Each structure stands twice: as structure tokens, then as C-alpha cells.
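Hello,

Here is the structure I promised to pass on. Please open it and keep it beside you as you read my notes below.

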Amino acid sequence: WMPVSIFISLLAAAFISRLLTRMQTSRYRLANALKHRALTLHYQPVVELQSGRVVGAEALVRWQQSDGTQLSPDVFITLAEQTGMINELSRYVVDNVFAEMAEWLREHPTQHIAINLAAQDLTSTVLLDRLNELCDEYGVAHHQIAIELTERSFAQPEITGPILARYRQAGYPVCIDDFGTGYSSLSYLQELDVDVLKIDKSFIAALDRKRVTPHIIDMARSLELEMVAEGVEDADQEAWLHRHGVQYGQGWLYSKALPGPAFIAWAERNLGQ
Ligand code: C2E
Ligand code: CA
Ligand code: CA
Ligand code: CA
């Protein structure tokens, strides 16, 4: 017979130790993937709705598994955040974006690549310094590298705010990602002074039944933010968004995320003159 409290403690200890082991294993696998360059980048075009012309792309990371399948970033980004590997991952993404896309960006000075960052990337200027260095080295203008942050990154604005301000001062456009799905209070939006608002795809699907989407659009307009609609899948959505004054779209209607060379080929056909 064992006192209940001891029993519960043992159970909790066993549970926590299993969880830690699992995280250790995953952390090890992710570290290995970075080392062996098993993470690849895909680029999804962003188009101007009015003209259908490409204006740039968003870099999206993929984890190639040994069996040939790809692991979704939705799974391993969270893991990277929890195991303290996100800074390394972001650095890897940034370095690879330049290795793959700098030449194309130099040839097309109005095009941009957007890179997803995590809140933890905004606790120091290490990544910002790296970006500055790479732009210099490769001759890419700062306005051609946008950074995307989800609303969660603004949960502690006293920490991330000052670094974010330095990104903007340096001329990197800042986008709020997945807008409308987090809990960011609207007052942060005003204080943080971002450039672009990306409307989450949940507000784009079945648009005619969405009552809040027009309000999100109105608010973005009154804050003088540019808007990108995410997850545009059909022509009706595109027409609706265009009619409501959204300038840019991204989604399967235009293209899925493509490997670098395939994106460049796609973009060359959609540059306009
Ligand atoms: P996100 O930033 O919101 O990226 C958009 C996601 O929507 C991508 O999923 C994209 O493939 C998907 N998508 C694009 N067009 C459509 C469409 O028309 N319909 C639908 N239903 N979905 C569409 P993906 O590539 O699986 O990325 C998932 C999330 O992982 C991203 O969401 C982003 O939050 C995160 N992520 C991806 N790459 C990175 C990265 O390099 N760093 C960080 N920190 N996060 C990343
Ligand atoms: Ca994004
Ligand atoms: Ca998004
Ligand atoms: Ca998302």
C-alpha cells in the first residue's frame, strides 16, 4: 500500500521523463536534419490581384524524411520553438534564402522574399545583423527581404517590440502573419507600426459567409497597412478580395510553394513588363 500522493508523484515523474526523452530525441533529429541539410525551402508566389503579376514569394521550410515524404512545418516549428532550436533553424532559412534567391532578387529589384520568424528570433539582434551582412554581401536591397511574424510574437511586446523597431528602421518590411487567429490586441498593431497584414486563410475560405473579413479589411485600410490574402483557392475569392480593396493574394489559385528554380521559372512567366 502506497500513499496516494507518492503514487501520483511517481506517475508524474514517469510522465515528465518520457516527455523529456521524446523531446530530446526530436531535438536530436532536428539538429541532425539541419546539419545534413535535410530541410529545404519552397517559395510560394505572392501576386498583385489587379494585374496578376508576381511581386515576390514567401519562403516555407520543409523537412525531407528519409522515406521521401515531407514533414509539415506546423509540426516541427513548434518543436524547434520548444527545444530552443528555432534560432538555428531561422538562421538556416535566412542563409538558404540568400544562397538560392539572391541572384534573382538582384536581377529583379522590385521583387521580395518574405521569411517567417519566431518570437525568439526577436530577443536579440543576432539575426538582424546576419541579414544586414547578407544583403551587403549579395547586393540585395533591404526592402526586398520582408519578415513575417505571427500575432503570438507580440504577446510580450516589451521584449520583441524594440528589436522589431530596428528591423523596420533598417528597412525590412514587417508583416503580421495569420492575422485574426491570435489574440493580439489591436492597440499593439497601432504601436508596433508594421507594414503588411496577412489575412489568415480561415477568413478567406467560404468568403461570402464570413462576416468579419470586411471589418478586418477596413481596419487594415484605416491603419494604412498593405494586405495580403492567404489561401486564395478560387476565382470567386479573388474577385471578392479585389472588390473589397485587398491588393495582394497568395494561394493555390496561383501556385503552391515551389522549389527555388521552379518558382523562378513561374515568376519569369508572371512578371508582366
Ligand atoms: P504560414 O506562414 O501561414 O504559411 C502559409 C501556409 O498555408 C503554408 O503551409 C502554405 O503551404 C499553405 N497554403 C498556401 N496556399 C494555400 C491555399 O491556397 N490553401 C490552403 N489551405 N493552404 C495554403 P506550410 O508550408 O505547411 O507552413 C505552415 C506554417 O509553418 C506556416 O504558416 C508558418 O507559420 C510555419 N513556417 C513555415 N516555414 C517557416 C519558417 O521558415 N520559419 C518559421 N518560423 N515558420 C515557418
Ligand atoms: Ca507566413
Ligand atoms: Ca500565414
Ligand atoms: Ca499558418
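**Helix pairs**

The axes of helix α1 (residues 4-35) and α2 come within 10 Å of each other and cross at roughly 110°. An angle from 65 to 115 degrees counts as roughly perpendicular, so α1 is roughly perpendicular to α2. Please remember that this is a predicted model.

Which residues make the contact? From α1 they are Met 23, Ser 26 and Leu 30. From α2 they are Phe 76, Leu 79, Ala 80 and Gln 82. By class, this contact has 5 nonpolar residues, 2 polar ones and no charged ones.

Now turn to α3 and helix α9 (residues 260-269). Their axes also come within 10 Å, and the crossing angle is roughly 20°. Angles under 35 degrees count as roughly parallel, so α3 is roughly parallel to α9. The crossing of α3 past α9 is right-handed.

On the α3 side, Glu 100, Met 101 and Trp 104 make the contact. The residues in the contact of α3 with α9 split into 5 nonpolar, 1 polar and 2 charged.

How much space lies in the largest pocket? About 1,300 Å³. This pocket is lined by 50 residues. Closest to its centre are Leu 60, Asp 74, Asn 116, Asp 177 and Asp 178. Find those five in the viewer to locate the pocket.

Several elements give two or more residues to the lining of the largest pocket. The strands are β1 (39-48), β2 (54-64), β4 (112-116), β5 (145-150) and β6 (174-179). The helices are α2 (73-82), α3 (86-107) and α5 (157-169). You have met α2 already, in its contact with α1. By class, the lining of the largest pocket has 18 nonpolar, 17 polar and 15 charged residues.

The second largest pocket has a volume of about 280 Å³. Its lining holds 15 residues. Which lie closest to its centre? They are Val 55, His 112, Val 196, Glu 226 and Tyr 248.

At least two lining residues of the second largest pocket come from each of β4, β5, β7 (196-199) and β8 (226-229). The lining of the second largest pocket divides into 9 nonpolar, 3 polar and 3 charged residues.

Best wishes

Note on methods. Residues numbered from 1 in each chain as written. Chains lettered and ligands numbered in written order. Predicted model: local features only at pLDDT ≥ 70, side-chain atom pairs only at ≥ 80, totals over all residues. Heavy atoms only, no water. 1 Å grid on protein atoms, 1.4 Å probe; cavity = no way out; pocket = protein on both sides within 12 Å on 5 of 7 lines; lining within 4 Å. Points joined across faces, edges and corners; volume = space filled by probe spheres on them. Helix = DSSP H or I, 4+ residues; strand = E, 2+ residues; numbered from the N terminus. Nonpolar A, V, L, I, M, F, W, Y, C, P; charged D, E, K, R; others polar. Axes fitted to C-alpha atoms, helices over the stretch in contact; angles between N-to-C directions. Parallel < 35°, antiparallel > 145°, perpendicular 65-115°, else oblique. Left-handed = near helix turned anticlockwise from the far one by under 90°. Contact = heavy atoms within 4.5 Å.
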